[in-house]
Amino acid sequence: IKKIGVFTSGGDAPGMNACIRAVVRTGIFLGKEVVGIYQGYQGMIDKKFINMDARSVRNIIQLGGTVLKTARCAEFRTPEGRATAYKNLKEEGIDALVAIGGDGTFTGAELLSREYDIPIIGIPGTIDNDLYGSDFTLGYDTATNTVLEAIDKIRDTAASHDRLFFIEVMGRDSGCIALHAGVAGGAEAILLPEKETAIDDLILKLEEGALSNKSSSIVIIAEGEKNGGAYNVAKRVKERFNFYDIKVTILGHLQRGGTPSSFDRVLACRLGYASVKALVAGESRKMVGLRGNLIQLTDIVESINNHSYKLEEDLLEMSAILSI
Ligand code: F6P
């Protein structure tokens, strides 16, 4: 391997910059050239390459977002798009790739490496924490803390006005952010994609609270949950529940921004470093992840296909009990 291309793709996540920095500096330390590819797969197709040196990643470890920018690229999903991307990579002399992103990013990486035999290592970078082979993905810890901060603030106003709040959080079809922020924020109920919640049961829980002197409540709704989102749940609850005034807050994209937590920065450094070491050692089509506080490699196909059910049983059980 002479020249490593690094890119971020899909939804941005706090910690991506710290990870780019780690990839660039590890590559240079090991005597490789490193090229940044702007806007993920779109940049491969549009030839948006930039040579990186140790100084080109200075002062970015603390920044949210991604200095390499990111995109969701429809053209790369076609064989013609991938052929153009590979031709451009070859012309640029890029002979190995580090892909930072989620399952969409890995799906693209898997296809490219299979069709054109270019070594690729994936780094799990998504706030959703939904990749098999890593206990945590980059950005998940920061996003969960951002959500928690919002819950705490909403609790102040909910308690002051005696209100019931439905707060919708991101995660696509993963309930990790919702469950963790919900338990940490003392939510009265948490609705998750992985678990059906009947509206009748939710109303019963809220009524029990109201009858036992709770004067306000917070319900966390994961965006992928099956009752149709926070507004729908609030509407259905409102029809039959009249203990307190009801409000809805959708947290949205603020969950993706912000300075990465210490945990995410260290994870970014570890995974970025490990990805380059793996490429240099001859590995390909693997995802580097953290399992039991150890860096482990997982087959990239497995990491995509086993979209793991990561919710901890004890948290699921206690979330309802601790909020009686
Ligand atoms: O995958 C990260 C994520 O933030 C999901 O939680 C969310 O469903 C999605 O991306 C939103 O995507 P976009 O920014 O393209 O609207």
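Colleague: Hi! Where is the place of Asp314?
Modeller: Asp314 is in helix H11, which covers residues 313-321. Helices are DSSP runs of H or I with at least four residues, strands are runs of E with at least two, and both are numbered from the N terminus. This is a predicted model, where local features need pLDDT of at least 70, side-chain atom pairs count only at pLDDT 80 or more, and totals for chains, interfaces and linings use all residues. Residues are numbered from 1 along each chain as its sequence is written, and side-chain values use heavy atoms, with hydrogens and water left out.

Colleague: Is Asp314 buried, partly exposed or exposed?
Modeller: Asp314 is partly exposed, at a relative accessible area of 46%. Buried means under 20% relative accessible area, exposed means over 50%, and partly exposed is in between, with a 1.4 Å probe and protein chains only.

Colleague: Which residues form the negative surface patch?
Modeller: Glu312, Glu313, Asp314 and Glu317 form it. Patch residues have over 30% relative accessible area and no salt bridge; like charges are joined within 9 Å, and nonpolar side chains (Val, Leu, Ile, Met, Phe, Trp, Tyr) within 5 Å. Asp and Glu count as negative, Lys and Arg as positive, while His and the chain ends are not counted. The place of a charge is taken as CG of Asp, CD of Glu, NZ of Lys or CZ of Arg.

Colleague: OK, new topic. What is the mean pLDDT?
Modeller: The mean pLDDT of the protein is 97, and 99% of its residues reach 70 or more. pLDDT is the predictor's confidence in each residue, from 0 to 100. For the complex, the predictor gives an ipTM of 0.98 and a pTM of 0.97.

Colleague: Thanks! How many salt bridges does a search of the whole structure find?
Modeller: The search finds 12. A salt bridge here is a side-chain nitrogen of Lys or Arg within 4 Å of a carboxyl oxygen of Asp or Glu.

Colleague: Which residue does Arg114 form a salt bridge with?
Modeller: Arg114 pairs with Glu110, and their closest N and O atoms are 2.8 Å apart. Both lie in helix H4 (residues 103-116), 4 residues apart, about one turn of the helix. Arg114 is exposed at 52% relative accessible area, whereas Glu110 counts as buried at 9%.

Colleague: And what about Glu91 and Lys47, how far apart are the closest N and O atoms?
Modeller: They are 3.5 Å apart in that salt bridge. The pair links distant parts of the chain, 44 residues apart: Glu91 is in helix H3 (residues 79-92), and Lys47 is in the loop between helix H2 (40-45) and strand E3 (49-52). Glu91 is exposed at 54% relative accessible area, while Lys47 is partly exposed at 47%.

Colleague: Last topic: which residues form the nonpolar patch on the surface?
Modeller: Phe29, Leu30 and Val280 do, with about 310 Å² of accessible area together. Accessible areas come from the Shrake-Rupley method with a 1.4 Å probe, and for residues only the protein chains shown count as cover.

Colleague: Where is the place of Val280?
Modeller: Val280 is in helix H9, residues 262-280. Val280 counts as partly exposed, at 40% relative accessibility.

Colleague: How far apart in space are Val280 and Asn242?
Modeller: They are 63 Å apart, C-alpha to C-alpha, and 38 residues apart in sequence.
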